[in-house]
Amino acid sequence: MNTKNNKRRRESVEKIEKAFVEMLQTKELKEITVSDICKKTGLNRSTFYANFIDVYDLADKVRENLENDFNRYFSDEQNSNEPNSALKMFRHIKDNQIFYKTYFKLGYDEKHQVVVYDVNRAQKDFDNKYIDYHITFFKNGINAIIKMWLERGCKESPEEMAEIIKQEYRGRE
């Protein structure tokens with residue numbers, strides 16, 4: 001039976017997701033078809049449709065998985081004032097470049113931010129005045145830096161990238 005937690009079904013879903021992510025590295029989302037995915041995985045279309053409505057549903061599920069993985073990895077950061085959280089983030093990005101390239105390629109950064117943001121620190125630094133503008137500016141700036149770093153092949157070390165972020169907060173300690 002093809003139940004949700006069936007090992008064979010899980011393996012098929014993983015194959016489909018992996019093939020999709022690989023294809024996204026060289027194609028735009030709108031160029032990827034169910035047939036392409038099935039050909040690459042050797043699976044039937046019925047297997048694809050038993051798990052996903054269409055390629056866009058697959059993209060949404062991949063995004064959910066990426067976000068859940070990210071949130072699990074950084075869950076301790078959200079309640080921490082640890083100064084090395086930027087370093088931890090950049091190390092994770094360097095080690096998981098395809099993960100982040102896929103996230104940005106799917107355009108999910110426009111609605112969902114990768115950045116773990118310390119709202120308490122911002123409220124302290126900016127006395128809650130125009131805090132929403134600051135948060136938006138900071139998150140979009142970090143995302144832009146991450147994208148640029150990924151596009152350049154992560155040539156700078158995670159330590160150098162964390163230092164760049166630290167410089168942006170210079171004088172606010």
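Guide: Welcome! Helices here are DSSP runs of H or I with at least four residues, numbered from the N terminus. Keep in mind that the model is a predicted one.

Visitor: Which residue has a positive phi just after H2?

Guide: That is Gly42, with a phi of about 75°.

Visitor: How many helices and strands does the protein have?

Guide: The protein has 9 helices and 0 strands. Followed along the sequence, the pattern reads α-α-α-α-α-α-α-α-α.

Visitor: Why are H8 and H9 called roughly antiparallel?

Guide: Let's take the value and then the cut-off. Helix H8, residues 131-151, packs against helix H9, residues 158-168, at an angle of about 155°. Angles over 145 degrees count as roughly antiparallel, so H8 and H9 get that description. Their axes lie 12 Å apart, and the crossing of H8 past H9 is right-handed.

Visitor: Which residues make the contact between H8 and H9?

Guide: H8 brings Ile142, Ile145 and Trp149, while H9 brings Pro158, Met161 and Ile165.

Visitor: What makes the residues of this contact nonpolar, polar or charged?

Guide: The kind of residue decides. Ile, Trp, Pro and Met are among those that count as nonpolar. The contact of H8 with H9 therefore divides into 6 nonpolar, no polar and no charged residues.

Visitor: How do you know whether Asp60 is buried, partly exposed or exposed?

Guide: Asp60 has a relative accessible area of 33%. Buried means under 20% and exposed means over 50%, with partly exposed in between, so Asp60 is partly exposed. Asp60 is found in helix H4, residues 55-74. Its C-alpha atom is separated by 9.0 Å from that of Leu106, though Asp60 and Leu106 are 46 residues apart along the chain.

Visitor: How much of the protein counts as buried?

Guide: Of its 173 residues, 38% do.

Visitor: Why are the buried residues of H2 said to be on the same side?

Guide: Helix H2 runs over residues 34-41, and its buried residues are Val34, Ile37, Cys38 and Thr41. They cover an arc of only 95° around the axis, so they sit on the same side of H2. An α-helix has 3.6 residues a turn, so residues three or four places apart point the same way.

Note on methods:
Residues numbered from 1 in each chain as written. Predicted model: local features only at pLDDT ≥ 70, side-chain atom pairs only at ≥ 80, totals over all residues. Heavy atoms only, no water. Axes fitted to C-alpha atoms, helices over the stretch in contact; angles between N-to-C directions. Helix = DSSP H or I, 4+ residues; strand = E, 2+ residues; numbered from the N terminus. Parallel < 35°, antiparallel > 145°, perpendicular 65-115°, else oblique. Left-handed = near helix turned anticlockwise from the far one by under 90°. Contact = heavy atoms within 4.5 Å. Buried < 20%, exposed > 50% of the residue type's maximum accessible area, 1.4 Å probe, protein only. Arc of directions from axis to C-beta.
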